[in-house]
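Here are some exercises to work through with the sequence and the 3D view side by side. Try each task yourself before you read its solution.

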Amino acid sequence: MRRPPVQIATPASATEVTNEVKRLLRAAGITDQLPTPKEEILACARLVQRGELDLAEYEATLTDKTLRFFHRAVSKVFGLLDRRSNIIYVDPHIHDSRKKFITYHEVAHKVLGWQRITVTQDDRLTLSAECEDLFEAEANYGAADILFQCERFEDEARDYELSIESAVYLSSRYDSSCHAALRRFVERNHRPCLLMVLTPTLREYEDGRTSYYVVYHIPSISFTNEFGEPLNLKFVNPGHALGEILNNGGHGEIVMPDIKGFPRTCVVQTFSNKFKIFALIYPKQARFSGKAVHFSN
């Protein structure tokens with residue numbers, strides 16, 4: 001039985017991972033190119049990408065001993081790194097933005113030198129669950145750093161107002177998924193903001209409203225400093241102020257106490273990518289900055 005996929009988290013080795021990614025970007029000659037040029041990254045890491053294989057079928061043909069030469073990008077196989085041939089296999093049926101992230105995930109496995117563990121033919125030991133999870137978290141973190149070119153995304157985000165539109169616009173510049181860009185936009189923002197990622201539940205109310213399950217939430221550091229964790233919820237129901245907004249157009253305002261107990265009016269904006277619903281929450285006075293982006297009608 002395979003373990004669930006590792007969430008993109010900040011490993012203890014984050015600084016070392018970022019340093020390795022910066023070294024890779026410099027070696028590939030990537031300075032002002034957007035989005036990150038994948039072919040240059042693969043060439044510098046001396047990897048070849050192929051996507052013509054059915055990865056589930058391919059994995060089933062491998063012996064347990066052979067499988068030790070591979071890293072899996074996620075528990076359901078979307079990508080594999082064969083260290084012997086220096087080939088990355090990526091499922092051709094997934095979305096392009098997901099393909100790119102998985103490719104960079106496997107590149108990170110390759111360039112993080114401490115992850116190179118030689119498995120001999122008579123070695124009966126495999127990586128411990130804790131070690132494998134750590135390696136996956138490091139590769140996820142490294143993939144995001146390659147995609148967003150380390151601090152470049154957050155430096156650029158400083159010039160844009162706090163809004164869903166800003167994050168979606170930046171996702172197009174960096175050729176990332178909206179999900180990845182929204183997370184990066186909030187997690188590393190210098191202003192107080194919170195991202196909640198939700199999915200609707202199957203519970204139906206008589207008036208047609210619904211409840212939402214909170215998959216996870218990500219605050220910026222300044223949000224935590226100002227508000228603590230006022231919306232540390234597992235479910236958002238229609239009776240909650242946020243639930244009313246989610247059930248009535250997805251935009252509005254809520255009042256939350258800050259860490260000193262003073263009520264603060266916060267803006268709520270929502271966005272759906274057909275798989276998840278994203279709620280961006282920030283104090284009303286924190287929004288404005290130099291550049292505004294607006295969706296076309």
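A residue is called buried when its relative accessible area is under 20%, exposed when it is over 50%, and partly exposed in between (1.4 Å probe, protein chains only). Helices (H or I, at least four residues) and strands (E, at least two) are DSSP runs, numbered from the N terminus. This is a predicted model, where local features need pLDDT of at least 70, side-chain atom pairs count only at pLDDT 80 or more, and totals for chains, interfaces and linings use all residues. Residues are numbered from 1 along each chain as its sequence is written, and side-chain values use heavy atoms, with hydrogens and water left out.

**Exercise 1. Check the length of helix α5 and find how many of its residues are buried.**

Step 1: Helix α5 covers residues 96–111, which is 16 residues.
Step 2: The expected span is 1.5 Å times one less than the number of residues, so α5 should span 22 Å.
Step 3: The C-alpha atoms at the ends of α5 are 23 Å apart, which agrees.
Step 4: Now look at the cover: 13 of the 16 residues in α5 are buried.

**Exercise 2. Describe the chain as a whole: what are its helices and strands, and what percentage of its residues is buried?**

Step 1: Count the elements, and you get eleven helices and ten strands.
Step 2: Of the 297 residues in the chain, 48% are buried.
Step 3: Take contacts (heavy atoms within 4.5 Å). Among those between residues at least 6 apart in sequence, 63% join residues at least 24 apart.

**Exercise 3. Decide whether D175 and K274 are buried, partly exposed or exposed.**

Step 1: D175 has a relative accessible area of 37%, so D175 is partly exposed.
Step 2: K274 reaches 80% relative accessibility, so K274 counts as exposed.
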